[in-house]
Amino acid sequence: MLSLTYFSNMRKVLDKIEATQTAAIEAAARAIVRSLTGGGIWHLLDTGHMLMHEGVGRTGGMMAVRPVHVTVDVTNPTRYRESDVTKKRVYMDGIAGLPAFIVGKSNMQAGDVLMIGSVSGINVLPVEMALYAREMGLTVIGITAVEYSGFLKSAHPSGKKLFEACDIVLDNCSNVGDTTVEVEELGIGICPSSGIAASYLLWAVQARAVELMLAEGKTPSVYVSNHMPGAGERNAASWTRYEKEGY
């Protein structure tokens with residue numbers, strides 16, 4: 001059964017993360033704790049498929065993880081006209097100056113941490129964000145697929161990929177193509193590993209960060225499930241503490 005193949009191969013990816021990423025997880029957690037306890041902010045920008053939902057506002061998650069949401073929208077209700085929309089389509093990666101604008105609009109400052117998620121790690125936006133943020137004095141942590149990214153060509157003018165533009169790299173250990181199950185009849189692989197792997201890394205970093213903060217005598221603000229008794233009051237009190245203490 002392909003589902004069993006998926007289970008087996010996904011476990012191999014997670015095992016590889018545990019075997020190879022412990023030092024990077026430690027470095028990321030220490031950088032985050034150093035920033036938060038020093039008045040900094042932990043920013044999260046994900047151009048992938050999971051972290052902005054999985055890592056923010058979840059039960060057991062740190063309130064200090066602040067998502068960077070970017071939307072570019074143009075509305076002009078003109079009358080219908082014939083046009084080749086494919087040639088006029090503009091992607092965020094093609095907007096000059098957008099990474100610098102995002103950093104500035106997000107109120108990022110030196111001493112903060114910016115975590116960037118990108119599976120391929122080759123597009124202009126994540127790479128430029130990483131380079132620009134580091135120039136500003138932020139610590140940049142990348143979550144990416146190093147093997148896959150190394151196989152691809154960078155779209156950034158410098159030729160760099162995300163894993164080459166960050167201070168700390170968390171490798172999600174996904175393979176080239178980011179699939180775990182080969183399907184002979186289709187001639188392609190299915191079932192990507194990168195989403196679950198990125199989440200696995202993020203929660204490992206949070207677990208270690210919480211542990212380090214407690215060892216320093218500091219209590220990080222953490223969400224409790226809204227379904228639990230007294231959750232509303234506890235979350236409200238924790239949020240107030242987060243806004244006051246920064247963690």
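Which strands and helices are included in what covers the buried residues of H2? Here are some notes on that and on two other spots in this predicted model.

1. Helix H2 runs over residues 22-37. Its buried residues are Ala24, Ile25, Ala28, Ala29, Ala31, Ile32, Val33, Ser35 and Leu36. To come back to the opening question, their cover includes strands S1 (42-46), S3 (113-117), S4 (139-144) and S5 (168-171), along with helices H9 (194-215) and H10 (231-245).

2. The length of H2 makes a friendly check. With 16 residues at 1.5 Å a residue, H2 should span 22 Å, and the C-alpha atoms at its ends are 22 Å apart, which agrees. Just after H2, glycine 39 has a positive phi of about 95°.

3. Next, a helix pair. The axes of H5 (residues 98-105) and H6 (residues 124-136) come within 8 Å and cross at roughly 55°; the two helices are therefore oblique to each other. Their crossing is right-handed. H5 contributes Leu98, Pro99, Ala100, Ile102 and Val103 to the contact, while H6 contributes Leu125, Glu128, Met129, Tyr132 and Met136. Sorted by class, that makes 9 nonpolar residues, 1 charged and no polar.

4. Finally, have a look at phenylalanine 163, which sits in helix H8 (residues 162-165). Phenylalanine 163 counts as partly exposed because its relative accessibility is 22%. Leaving aside residues up to four places away in sequence, phenylalanine 163 touches Thr144, Val146, Ser149, Gly150 and Val169. Leucine 14 lies 149 residues from phenylalanine 163 along the chain, and their C-alpha atoms are separated by 19 Å.

Terms used: Residues numbered from 1 in each chain as written. Predicted model: local features only at pLDDT ≥ 70, side-chain atom pairs only at ≥ 80, totals over all residues. Heavy atoms only, no water. Axes fitted to C-alpha atoms, helices over the stretch in contact; angles between N-to-C directions. Helix = DSSP H or I, 4+ residues; strand = E, 2+ residues; numbered from the N terminus. Parallel < 35°, antiparallel > 145°, perpendicular 65-115°, else oblique. Left-handed = near helix turned anticlockwise from the far one by under 90°. Contact = heavy atoms within 4.5 Å. Nonpolar A, V, L, I, M, F, W, Y, C, P; charged D, E, K, R; others polar. Expected span 1.5 Å × (residues − 1). Buried < 20%, exposed > 50% of the residue type's maximum accessible area, 1.4 Å probe, protein only.
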